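The entries follow in the order in which I checked them.

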There are 2 protein chains.
Amino acid sequence: MSLALDAAAQDLLFREAQTANSFTDEPVTDEQVQAIYDLVKYAPTAFNQSPLRLTLVRSADARERLVKHAMGANGPKTLSAPLTLVLSTDLDFHEKLPTLFPHAPGIKDAYFSELSVREVAGAQNATLQAGYLILGIRAAGLAAGPMTGFDFAGIDKEFFGDGKQKSFMVINVGKPGADAFFPRSPRLSFDEAVTTV
Amino acid sequence: MSLALDAAAQDLLFREAQTANSFTDEPVTDEQVQAIYDLVKYAPTAFNQSPLRLTLVRSADARERLVKHAMGANGPKTLSAPLTLVLSTDLDFHEKLPTLFPHAPGIKDAYFSELSVREVAGAQNATLQAGYLILGIRAAGLAAGPMTGFDFAGIDKEFFGDGKQKSFMVINVGKPGADAFFPRSPRLSFDEAVTTV
């Protein structure tokens, strides 16, 4: 069974790509991040709510403030990457729904007036977008090093003082450095992951 | 700025692809689903925990039992699709960690002995995998119609009596039918979604 996606693209995004744990010094430019964003922005979210926000951590000061909240090896790993992204959910994503979902602008108030609803929907849809983003970074010929071992409440206080952004993932981005990859771990077989009813 | 991913693949996965709301009768085979799974299984999860499980809803009886829990137009839309997938998080994903993360089998007990921890980590990582899966369906030349307008607690009782699976998304899969696509809605600009610090 062959896929419609060509083999080189399968390798680039899935089969040959792996999480990178070290990086070269080669910079990641704003133009590269923009090209990634302009690709992955098209992938779907519920009601096109698009709640994911990215913070590019570039300055030396911001990098130090970020790694204060890292656990274990994630601190040094992050300092070694040419670019680090903080992924967060915009809890006020509903404010943009009249623009993002123009054929039914009323859903902003009908579905999303409650913060508790936005927290759940926002987290789910921003996480979906994180999946698209990881593949988008690979689509740019770069390696991604996604991490969840951070004190995200600490990051939110440090970077998002107004309480409207909830960070949930940090991704190092760059060209893979020496010994960047662990050996590929096993995956579940089709029969372990899939059932038919 | 050009991406490493070729233009045809960019179009297939992101730029030209859209959520489908109707489907032709052309069947989606088990071989197609297996090819999709064998691609997307490689994309990363934390500790390779791979908590996503798929239920292929094929029999007439199972389809009827599923759409009982659909909201609004999702019921008829689902009945019109040649294949529907229920995505769920396996709350016992940690049982497979000694196989999936062989270089540190102790994390099964060190990190994941508490159900409350598995609920949070499992939901986040299964949702990441849902993002990979949506793109994987497109990689097979098929259209995806992801939906969250279902009574998921009802689906869990109906299909997963043991309480170990938490469903969170339903995806119709097939070739797009007549008037399958809404006009593309706007996306946030780079400056609306991205900040540099």
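**Aromatic pairs, chains A and B**

I began with B:Tyr111, which is partly exposed at a relative accessible area of 45%, where buried means under 20%, exposed over 50% and partly exposed in between, with a 1.4 Å probe and protein chains only. The model is predicted, and I kept in mind that local features need pLDDT of at least 70 and side-chain atom pairs pLDDT 80 or more, whereas totals for chains, interfaces and linings use all residues. Residues are numbered from 1 along each chain as its sequence is written, chains are lettered from A and ligands numbered from 1 in the order written, and side-chain values use heavy atoms, without hydrogens and water.

Next I looked up the ring pairs, for which the centres of Phe, Tyr or Trp rings (the six-membered ring for Trp) must lie within 6.5 Å, with planes under 30 degrees apart counted as stacked, over 60 as edge-to-face and the rest as tilted. I found 15 aromatic pairs over all chains. One of them joins A:Phe47 and A:Phe101, and I noted it as edge-to-face because the centres are 5.4 Å apart and the planes stand at 85°. A:Phe47 lies in the loop between α2 (30–40) and β1 (52–57) and A:Phe101 in the loop between α5 (97–100) and α6 (107–112), so this pair ties together parts 54 residues apart in sequence. For helices I took DSSP runs of H or I with at least four residues, and for strands runs of E with at least two, numbered from the N terminus.

I then recorded that A:Phe101 is buried at 15%, while A:Phe47 is partly exposed at 29%.
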